[in-house]
Amino acid sequence: MTTTLPVRSARPVAAALLATAATFLALDLAWLGVVARGLYERALGDLLRPDAYLPAAALFYAFYVAVTVGWAVLGAASKGDAARRGAGLGFVAYATYDLTNWAVIRDWPALLVPVDLAWGVVLTTLAALAGRAAHDAVRGNR
């Protein structure tokens, strides 16, 4: 028995990728740069760089957006499914980051664990939902 993957048109996939990336980047920059900046500055102190290291940030965004699109957007059967898959992915990814930091970095602020994890769930959910909505709109689905 052979399994074939569905053939996808490039336009809906490109729309999904662009919408997911734009949503993720805009929301995360607003969160990290404005909304929660003070929290991270107080909690991390000298551990926090004055400016983000752009090569690492670009790699993270590229990998994370690609996985979000592949798993939560294109792998979903509906917008609701994309939101659920995004929430699950956000939980796993951000829990991995936060709990690992808490486990291995001396004096990692415990307060950041639930705050950052919750942000990861919300952020990935919204980005996946935006990606799926763009995908469906280009395909003519509502």
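A residue counts as buried under 20% relative accessible area, as exposed over 50%, and as partly exposed in between. By that rule E41 is partly exposed, because its relative accessible area is 38%. The model discussed here is predicted.

- E41 pairs with R37 in a salt bridge, and their closest N and O atoms lie 2.9 Å apart.
- Both residues sit in helix α2, which spans residues 37–44.
- They are four residues apart there, so about one helical turn separates them.
- R37 is partly exposed, with a relative accessible area of 39%.

**Salt bridges around D136**

- The structure has four salt bridges.
- One of them joins the side chains of K79 and D136, at 3.5 Å from N to O.
- This pair connects distant parts of the chain: K79 belongs to helix α4 and D136 to helix α5, 57 residues apart.
- K79 is partly exposed, at 27% relative accessibility.
- D136 is buried, because its relative accessibility of 6% is under 20%.
- D136 also meets R132 in a salt bridge, at 3.0 Å from N to O.
- R132 and D136 are four residues apart in helix α5, so about one helical turn lies between them.
- R132 is buried too, at 7% relative accessibility.
- Together, K79, R132 and D136 are linked in a network of salt bridges.

**Helix α3 against helix α4**

- Helix α3 covers residues 54–73, and helix α4 covers residues 79–104.
- Their axes come within 9 Å and cross at roughly 140°.
- That angle makes α3 oblique to α4.
- The crossing of α3 past α4 is right-handed.
- On the α3 side, the contact is made by F60, Y64, V67, T68, W71 and A72.
- On the α4 side, the contact is made by A82, R85, G86, L89, G90, A93 and Y94.
- Of the residues in this contact, nine are nonpolar, three are polar and one is charged.

**Helix α4 against helix α5**

- Helix α5 runs over residues 112–139.
- It packs with α4 at an angle of about 150°, and the two axes are 7 Å apart.
- α4 is therefore roughly antiparallel to α5, since angles over 145 degrees count that way.
- α4 passes α5 in a right-handed crossing.
- The residues of this contact divide into 18 nonpolar, five polar and five charged.

Notes
Residues are numbered from 1 along each chain as its sequence is written. This is a predicted model: local features need pLDDT of at least 70, side-chain atom pairs count only at pLDDT 80 or more; totals for chains, interfaces and linings use all residues. Side-chain values use heavy atoms; hydrogens and water are left out. Axes are lines fitted to C-alpha atoms, for helices over the stretch in contact, and angles run from 0 to 180 degrees between N-to-C directions. Helices (H or I, at least four residues) and strands (E, at least two) are DSSP runs, numbered from the N terminus. Angles under 35 degrees count as roughly parallel, over 145 as roughly antiparallel, 65 to 115 as roughly perpendicular and the rest as oblique. A crossing is left-handed if the near helix is turned anticlockwise from the far one by less than a right angle, and right-handed if clockwise. Contact means heavy atoms within 4.5 Å. Ala, Val, Leu, Ile, Met, Phe, Trp, Tyr, Cys and Pro count as nonpolar, Asp, Glu, Lys and Arg as charged, and the others, Gly among them, as polar. Buried means under 20% relative accessible area, exposed over 50%, partly exposed in between (1.4 Å probe, protein chains only).
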